[in-house]
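User: I have a model open and want to learn how to read it. Walk me through the features one at a time, please.

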Amino acid sequence: MATLIQWYEKGMTYRQYIDQMTVNKEEMLSIYERFQLSPGNVETLKNLKGKNLRAIVITEDWCGDAMLNNPIFMKIAETAGVEVRFLLRDQNLELMDQYLTNGTSRSIPIYIFIDEKGNEYAVWGPRAPEVQEYVERERAKLPNKEAPEFSEKQKEMYKTMKKHFLEDEQVWEQVATSIIGKIK
């Protein structure tokens with residue numbers, strides 16, 4: 001089994017990840033362009049620079065949570081001096097299966113922070129608690145999966161959630177606070 005350092009070394013840089021994206025690229029970059037860390041978070045992150053952390057991101061470009069979280073995460077990583085490598089979930093199931101959500105789900109993105117020696121420092125993902133609550137509220141509005149209108153209503157829900165993720169700066173701050181809380 002590969003070590004976390006080996007997984008890290010196998011990963012793509014942020015630029016390489018963006019270059020290979022075919023879904024949600026413009027949306028993700030628009031969040032990256034518009035999101036600003038609060039001054040308090042910037043100070044907290046500057047204090048992390050001495051820890052020499054690195055991070056492995058397990059992600060896929062089609063994932064709405066990745067579209068929301070990855071650009072915010074990158075602002076955090078850049079400010080904290082964390083070097084990042086991206087691995088596509090579906091091509092790296094051996095690693096993904098070590099970081100299942102609730103022990104069963106291959107939910108992404110997952111951020112694995114490692115120290116200089118390659119030891120796991122912290123893990124975050126796939127959602128900030130407030131975002132998870134929002135998703136659960138939206139899912140609760142869906143009809144039963146067997147209902148004829150389920151598929152259509154689910155597509156509408158995803159469209160609404162994507163719009164919310166792209167426009168609600170409070171959500172961006174919740175994501176940032178959650179990730180920073182995990183690593184500080």
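**Reading the model, feature by feature**

Analyst: Asn 24 sits in the loop between H2 and helix H3 (25–34). Keep in mind that this is a predicted model.

User: What is the phi of Asn 24?

Analyst: The general idea first. Most residues other than glycine have a negative phi, and most peptide bonds are trans. Asn 24 has a positive phi, near 65 degrees, and is not a glycine. Asn 24 is also buried, at 9% relative accessibility.

User: Which other residue has a positive phi in a residue other than glycine, near 55 degrees?

Analyst: Asn 102, with phi near 55 degrees. Asn 102 lies in the loop between H6 and S3. Asn 102 counts as exposed, at 73% relative accessibility.

User: Now the peptide bonds. Where is the bond cis, with omega near 5 degrees?

Analyst: From Ile 108 to Pro 109. Pro 109 belongs to the loop between helix H6 (93–96) and S3. A cis bond also joins Gly 125 and Pro 126, with omega about 0 degrees. Pro 126 is in the loop between S4 and H7.

User: How should I read a strand such as S3?

Analyst: Start with the side chains. In a regular strand the side chains alternate between the two faces of the sheet. In S3, Ile 110, Ile 112 and Ile 114 point one way, while Tyr 111 and Phe 113 point the other way. Five of the five residues in S3 (residues 110–114) are buried.

User: Which strands are joined to S3 by bridges?

Analyst: Strand S1 (residues 54–59) is joined to S3 by five bridges, and the two run antiparallel. Ile 58 stands opposite Ile 110 of S3. Strand S4 (residues 120–124) is joined to S3 by four bridges, also antiparallel. Trp 124 in S4 is the bridge partner of Tyr 111.

User: How many residues lie between S3 and S4 in the hairpin?

Analyst: Five, and Gly 118 in the turn has a positive phi of about 90 degrees.

User: On to rings. How many aromatic pairs are there?

Analyst: Eight. To call a pair stacked, check that the planes are under 30 degrees apart. Tyr 17 and Phe 86 are stacked, at 4.7 Å centre to centre with 5 degrees between the planes. This pair links distant parts of the chain: Tyr 17 is in helix H2 (residues 14–20), Phe 86 is in strand S2 (residues 83–88), and they are 69 residues apart. Tyr 17 is buried, with a relative accessible area of 0%. Phe 86 is buried too, at 1%.

User: What about Tyr 111 and Trp 124?

Analyst: They are stacked, at 5.5 Å centre to centre and 10 degrees between the planes. Tyr 111 is in strand S3 and Trp 124 in strand S4, so the pair ties together parts that are 13 residues apart in sequence. Both Tyr 111 and Trp 124 are buried.

User: Which residues do ring pairs link into a cluster?

Analyst: Tyr 14, Tyr 17, Tyr 32 and Phe 86.

User: How do I read the largest nonpolar core?

Analyst: The general idea: in soluble globular proteins, nonpolar side chains tend to be buried together. The largest nonpolar core here has 48 residues, and Ile 72, Phe 73, Ile 76, Val 84 and Val 175 have the most contacts inside it. Helix H5 (residues 64–80) gives the largest share of this core, eight residues. A second, separate core has 15 residues, including Leu 4, Cys 63, Ile 108 and Ile 114.

User: What is Val 175 in contact with, leaving aside its neighbours within four places in sequence?

Analyst: Leu 68, Asn 69, Ile 72, Trp 124, Ala 128 and Val 131.

User: Last, a helix. Which residues of H7 are buried?

Analyst: Val 131, Tyr 134, Val 135 and Glu 138 are buried in H7. They cover an arc of only 95 degrees around the axis, which puts them on the same side of H7. Their cover includes H5, helix H8 (150–167) and helix H9 (169–183). As for length, H7 (residues 129–140) has twelve residues and reaches 16 Å from its first C-alpha to its last, close to the 16 Å expected at 1.5 Å a residue.

Note on methods: Residues are numbered from 1 along each chain as its sequence is written. This is a predicted model: local features need pLDDT of at least 70, side-chain atom pairs count only at pLDDT 80 or more; totals for chains, interfaces and linings use all residues. Side-chain values use heavy atoms; hydrogens and water are left out. A nonpolar core is a set of buried Ala, Val, Leu, Ile, Met, Phe, Trp, Tyr and Cys residues joined through side-chain atoms within 4.5 Å. Buried means under 20% relative accessible area, exposed over 50%, partly exposed in between (1.4 Å probe, protein chains only). Contact means heavy atoms within 4.5 Å. The expected span of a helix is 1.5 Å times one less than its number of residues. The arc is that of the directions from the helix axis to the C-beta atoms. Two strands pair if DSSP finds at least two bridges between them. Rings of Phe, Tyr and Trp (its six-membered ring) pair if their centres lie within 6.5 Å; planes under 30 degrees apart count as stacked, over 60 as edge-to-face and the rest as tilted.
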